[in-house]
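Reader: I am new to this structure and would like to be taken through it. Could we begin with the overall layout?

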Amino acid sequence: MYRFLRLAGAVTLLLVGLLAFSTSGYSATQNISFSLSGSGSLLNSPPGFEGVIDSGIFNNGYFTIFIDDTGWPVDNPGTPQNERWNYIISTVFTYTAAPNNEHWTGYFPLQGTISPPVVWRFFNNGDRLGGIIRYLNITITDNDKDGVIDQSELMIQAVAANLQAHIEQSKGVYAGWCGFGSMNGTIEDFDPTPMDMLTIPYGLLRMRDYSCAVPTEHMTWGAVKSLYAE
């Protein structure tokens, strides 16, 4: 009986040890908070924003957000029609005429599709994270309720995004990590030039070092890789 109890105790200790090793030695999670400030425009090619990471582990690093603009027209400098802006508004944005909540919302990618793809990156020395933005939503409020976007209505636009971090974009101390997150902020367009200000007061990434897979959405992966090209 004594030998049996010793054997049972040894097996129990072994199982406990294996469980502890499997949960702490093979997998880990980490929350990464951040805030961003930068500039850019939907009128640039590629459209997007870049700037400084102001807080969190990536503090004093840099970020980029780019949208694939394949098929978007280029403005003709000899005409006043603003072909590119008009295309974006008519193709990407939808208007909601709800009383006292009139607004336009731009969806990147378009609702129900995976195009145009949007990619993002965080850099800080040799450490890097990046991936796609599943949903980048830009909302413009129709303050005078006339269904026409005025310059004053572009001065403060709301931005919301869901981010996915891909393992093949994770470098440095984050090599082998993936995850997802979200962020909210504003775009400020004080004049009709293609240099708007992006401010993200707070964002959060939930990262892990397990169950990470390389993306397999072949339809847009070529466009995504071209946006990643350095």
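Author: This is a predicted model. The chain has 3 helices and 10 strands. Along the sequence, these elements follow the pattern α-β-β-β-α-β-β-β-β-β-β-β-α.

Reader: How many residues are in the chain, and what percentage of them is buried?

Author: There are 230 residues in the chain, and buried ones make up 37% of them.

Reader: And what is the accessible surface of the chain?

Author: The accessible surface comes to about 12,600 Å², and carbon and sulfur atoms account for 59% of that area.

Reader: What share of the contacts links residues 24 or more positions apart?

Author: Among contacts with a separation of 6 or more, 64% are between residues 24 or more positions apart.

Reader: Let us turn to the inside. How many residues does the largest nonpolar core have?

Author: The largest nonpolar core has 38 residues. Phe-93, Phe-108 and Phe-122 have the most contacts inside this core. Strand S7, residues 127–141, supplies the largest share of the core, with 5 residues.

Reader: Which residues is Phe-93 in contact with, leaving aside its neighbours within four places in sequence?

Author: With those neighbours left aside, the contacts of Phe-93 include Leu-42, Ile-88, Trp-104, Phe-108, Ile-138 and Ile-140. Thr-105 and Gly-106 are also in contact with Phe-93.

Reader: New topic: salt bridges. How many are there?

Author: The count comes to 2 salt bridges. In one of them, the side chains of Asp-69 and Arg-84 meet at 2.8 Å, N to O. Asp-69 lies in the loop between S3 and H2 and Arg-84 in helix H2, so this pair ties together parts that are 15 residues apart in sequence.

Reader: Are those two residues buried or exposed?

Author: Both Asp-69 and Arg-84 are buried. Arg-84 has a relative accessibility of 3%, and buried means under 20%.

Reader: What else does Arg-84 touch?

Author: Not counting residues up to four places away in sequence, Arg-84 touches Asp-69 and several other residues, including Leu-42, Leu-43, Asn-44, Ser-45, Pro-47, Trp-72, Pro-73 and Asp-75. The helix that holds Arg-84, H2, covers residues 83–91.

Reader: Which side chains meet in the salt bridge at 3.3 Å?

Author: Those are the side chains of Glu-102 and Lys-145, which meet at 3.3 Å, N to O. Glu-102 lies in the loop between S4 and S5, and Lys-145 in the loop between S7 and strand S8 (157–165), so the pair ties together parts that are 43 residues apart in sequence. Glu-102 counts as buried at 11% relative accessibility, whereas Lys-145 counts as partly exposed at 45%.

Reader: Lastly, where is Gly-56?

Author: Gly-56 is in the loop between strand S2 (48–55) and strand S3 (62–67). Gly-56 is partly exposed, at 38% relative accessible area. Its C-alpha lies 6.8 Å from that of Ile-32, a residue 24 places away in sequence.

Terms used: Residues are numbered from 1 along each chain as its sequence is written. This is a predicted model: local features need pLDDT of at least 70, side-chain atom pairs count only at pLDDT 80 or more; totals for chains, interfaces and linings use all residues. Side-chain values use heavy atoms; hydrogens and water are left out. A nonpolar core is a set of buried Ala, Val, Leu, Ile, Met, Phe, Trp, Tyr and Cys residues joined through side-chain atoms within 4.5 Å. Buried means under 20% relative accessible area, exposed over 50%, partly exposed in between (1.4 Å probe, protein chains only). Helices (H or I, at least four residues) and strands (E, at least two) are DSSP runs, numbered from the N terminus. Contact means heavy atoms within 4.5 Å. Accessible areas come from the Shrake-Rupley method with a 1.4 Å probe; for residues, only the protein chains shown count as cover. A salt bridge is a side-chain nitrogen of Lys or Arg within 4 Å of a carboxyl oxygen of Asp or Glu.
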